[in-house]
Amino acid sequence: MSTLIGKFKTKRKPSSQLINKSTPYLYMMPAMIIMLGMVLYPFMYGVWLSFTNMSLTKFFNPDFIGLRNYIRLFQDGVIFSTFNRTIIWTFVNVFFHVSIGLFLAILLNRKLPGKSILRVLLIIPWAVPQYISALTWKSMFNYSYGAINIALKTLGFTPINWLSDPTMTFVGAIITNIWLGVPFMMMIALGGLQSIDASLYEAAEIDGASNFQKFKNITLPLLKPVMTPAIILGTVWTFNQINVIILIAGGFGNEKTQILVTEVYRLAFNFYRYGYAAAYSVVIFLMLLVFSLFYVRKTGIMKEVD
Amino acid sequence: MKKNLSSHFEKNDSKLKTILIYLILIVFVIISVYPLLNVFSVSLRSNDSLFLTDLKIIPDNWSLDNYRKALFEKDLLIWIRNSLAVSTMTAITGLTLSASAGYAFSRFNFYGKKTSMMLFLVTQMFPAPMLLLPMFIMITKLHLINNFFGLLIPYTATAVPFTVWLMKGYFDTIPKSLEESAYIDGCNSFTAFYKVILPLATPALAISALFAFMSAWSEYIVAQIILRKPDLITLPVGLVQLQMDFTAEWGVYSAAAIITTIPVVILFVSLSKYLVGGLTLGGVKG
């Protein structure tokens, strides 16, 4: 490296000799090596795996079997219902994250004595490690001793079989995940709201705008650049959320409670069908790729990077 | 006095509206806090009142017996030690990598910049299990199963994309003229970076370190497939094992969960202001 720097030193003017062409790459390299080694390489390895029949018994001598995993995947057909469930999971979660988060942020963005204490208490679900939240909700869903059924009984409702009925387990996982994700959106929205110039509202008020008009014409458009990346990120996080379902339904849980990513986890680590699981995850990746390309194009998120 | 009080509130709000706002906020606060209070409540119950079905937070005849059991009869201390080691290593490596990469993205134009920034963004979109399986096989073949290095590398790789963006956003707010004057004083690029710019970026560094630390501290799925030996497992793996034996260990699990959670919550809450600043900065500035 020193010879490279030396070469530039002799060629360049004094002011620019300090920053030569290799400097940015030196700063970048360590992070890049980790990313390539831990993301890109495993990714390509995974694609290769998807064309093999690797399993626990074929761990060191997998055969190349072409597209057979993919064909079987679509013949089995379970992926279609899991796909539908994943869409419901993602949509319901993100919808409530954003709407409740925005609602709370608007309430907190007013002059309100004691609001900083309220805000701190409201972000607690974000601060608790995810696995603890999931386990805690799981215990609250317990049929006889869980807080939720006790509360339901107290209110005169019949208790629900949260953890033995697959549909209710899935609903329980959604409730848990909504609880988990609201604070992130709330804080992002709050940050966005605070950056809006108060004089805009004053001007609107002078013009006689109603609260709803102010919200629609000032708040929403000015929040958009802050919320759009957060919503994209939130969507991807929710789509890929594995902890909540795995921990609430249990790794061996019923297939009717699984979303795409947890199904891959089950196939790989409970059934040891490595090749098949790899094909499954390639299909998921392609779905996400289409989604993110669509979003990148639609929102122009990369335009500002230059 | 009256005038003073009203200046604390929004000027056009009626009393009813203010009360309603407080009421709504308090309902949401209860929903946010209750699960943690519930764990706390169970952690104070003795074995014979574990399955009482009342919703009291502080039970009658409360005791700290579950805490004693968690700390001294179970392996909680070993799990904490393991988690501390892994998370600290992750924070340090993650910080080094993201500070320097973020600096490159913020200050220089170079061939492949846009592609590499895109790469960092795209990694956020990879489904975890898609990488988990090949990673597991790679780590097995590298004989890093039951080795903290087998955890450190994936943990750093997951934390880095976000912290790089965060650092870039922060460096963008520091004027370039500072480095230029450092160059005139005879610094080269690296000394200008770590002597002038890094100290100014302390808040962003703190958030990045916290983020990397917390993501490693709370990670269950990867740890669960890489660590198999009982004396090497981290907190999440240990706690999940405790919780699996629901009826026998519910109280002990709850005590352990409280011990694990409270420091993290305090740390997180006290730094949350910066965290959000960093997030929205990253959001607006790209």
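Predicted model: local features only at pLDDT ≥ 70, side-chain atom pairs only at ≥ 80, totals over all residues.
## Polar contacts between the chains

Across the interface of chain A and chain B, the rule finds eight residue pairs in polar contact, both residues at pLDDT 80 or more. A polar contact here is a pair of N or O atoms within 3.5 Å; within protein, one must be able to donate a hydrogen and the other to accept it, and residues adjacent in sequence count only if both atoms are side-chain atoms.

Residues are numbered from 1 along each chain as its sequence is written, chains are lettered from A and ligands numbered from 1 in the order in which they are written, and side-chain values use heavy atoms, leaving out hydrogens and water.

## The wider interface

Counting contacts as heavy atoms within 4.5 Å, 101 residues of chain A meet 103 residues of chain B. The two chains bury about 9400 Å² between them, and carbon and sulfur atoms give 80% of that. Buried area is the accessible area (1.4 Å probe) that two parts lose on being put together, summed over both. In chain A, the residues losing the most area to chain B are Y27(A), M38(A) and Y131(A), together 9% of what that side buries.

Helix α3(A) gives the most to the side of chain A that touches chain B, with 22 residues. Helices (H or I, at least four residues) and strands (E, at least two) are DSSP runs, numbered from the N terminus. For the complex, the predictor gives an ipTM of 0.83 and a pTM of 0.84.

## Chain B as a whole

Chain B has 13 helices and zero strands. Of its 286 residues, 54% count as buried, where buried means under 20% relative accessible area, exposed over 50%, and partly exposed in between (1.4 Å probe, protein chains only). Among contacts in chain B between residues at least 6 apart in sequence, 73% join residues at least 24 apart. Chain B exposes about 13000 Å², with carbon and sulfur atoms supplying 68% of it; accessible areas come from the Shrake-Rupley method with a 1.4 Å probe, and for residues only the protein chains shown count as cover.

How confident is the predictor? The mean pLDDT (the predictor's confidence in each residue, from 0 to 100) is 84 for chain B, and 86% of the residues score at least 70. Within chain B, helix α4(B) has the highest confidence, at 93, while helix α1 (residues 2–6) has the lowest, at a mean of 50. Over residues 282–286 of chain B, the pLDDT is below 50, and this stretch has nine contacts in the model beyond near neighbours in sequence.

## Helix α5 of chain B

Helix α5 of chain B spans residues 113–123, and its buried residues are K113(B), S116(B), M117(B), L119(B), F120(B), L121(B) and T123(B). These buried residues pack against α3 (23–49) of chain A, together with α4 (76–107) and α7 (148–172) of chain B.

## A loop with positive phi angles

Two residues stand out in the loop between α6 and α7 of chain B. H143(B) lies in this loop and has a positive phi of about 55° although it is not a glycine; at 68% relative accessibility, H143(B) counts as exposed. N146(B) belongs to the loop between α6 and α7 too, with a positive phi near 65° in a residue other than glycine. At 22% relative accessibility, N146(B) counts as partly exposed.

L107(A) sits in helix α5 (residues 78–108) of chain A and is buried, with a relative accessible area of 8%. Leaving out residues up to four places away in sequence, L107(A) touches L112(A) as well as I21(B), I24(B) and L25(B).

Beyond residues up to four places away in sequence, its contacts are W89(A), N93(A), H97(A), T238(A), Q241(A) and V244(A). T219(A), in helix α12 (residues 211–239), is buried at 5% relative accessibility, and a polar contact of 2.8 Å joins the side chains of T219(A) and Y201(A).
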